[in-house]
Amino acid sequence: MHPLRTVAAAVALLCLWGQMALAEGLIDRFVGEYSGSADVETYDGQIHPRDMSVSIKADKGGKFAVAWTSTTYRDGKGKTKSYEIGFVPTEREGVFSAAMTRNVFGHAVQLNPMAGEPFVWARIAGDTLTVFSLFIDDDGGYEIQQFDRTLADDGLSLTFSRLRDGVPLKGVDTFLQKK
């Protein structure tokens, strides 16, 4: 191999290693188990209690996973939804790509929003870990959900918002206690 190529490859590896180390340091502050509750207004204008929890786990190389569960209580019954998404660092500092499926080579990749699947990514800016989910509907309209999880004393401040074609639909603000 040409000496210049060897040097270039070594520099690229050092940059990648540095990027992964930086990404690891960013997520470490958020790692933990958190839970809380809030009163949430539903589509029909009624207020219902909702229990929420989130688990944030770090992995090697700046990879991490966010798992969350919410249980909404209505008419004496609880309806639970759970999600878990893995994230990997990108070339952009503090921006992470969702690793929600595997391609034919076994690499973790994004889903396809043009096929009705969500396009998900995360960012860490200061004390806030944000997870975004973009959905493109059959008519080409969109919905975006944003989960801001901001570090606070003994837990996380959670702000959830949802927009459809630029119109706010729903929002939740609550505190999640660290376990």
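I paired rings of Phe, Tyr and Trp (its six-membered ring) if their centres lie within 6.5 Å, calling planes under 30 degrees apart stacked, over 60 edge-to-face and the rest tilted. The model is predicted, so I kept in mind that local features need pLDDT of at least 70 and side-chain atom pairs pLDDT 80 or more, while totals for chains, interfaces and linings use all residues. Residues count from 1 along each chain as its sequence is written, and side-chain values use heavy atoms, without hydrogens and water.

**Rings**

By this rule I get 7 aromatic pairs. Phe64 and Phe96 are edge-to-face, because their ring centres are 4.9 Å apart and their planes stand at 75°. This pair joins strand β3 to strand β5 (residues 95-98), 32 residues apart; strands are DSSP runs of E, at least two residues, numbered from the N terminus. Phe64 and Phe96 are buried, meaning under 20% relative accessible area (1.4 Å probe, protein chains only).

I noted Phe147 and Phe160 as tilted, because their centres are 4.7 Å apart with planes at 45°. Ring pairs also link Phe147 and Phe160 with Trp68 and Tyr83 into a cluster. Arg149 lies over the face of Trp68, 5.3 Å from the ring centre; for Arg the rule asks for CZ within 6 Å of the ring centre and within 35 degrees of the ring normal.

**Pocket**

For pockets I used a 1 Å grid over the protein atoms alone and a 1.4 Å probe: an open set of points with protein on both sides within 12 Å along at least five of seven lines, lined by residues with an atom within 4 Å of a point. The largest pocket has 35 lining residues, with Arg50, Ser70, Lys81, Tyr83 and Lys170 nearest its centre. Strand β4 gives the largest share of this lining, 7 residues.

Key:
Helices (H or I, at least four residues) and strands (E, at least two) are DSSP runs, numbered from the N terminus. Buried means under 20% relative accessible area, exposed over 50%, partly exposed in between (1.4 Å probe, protein chains only).
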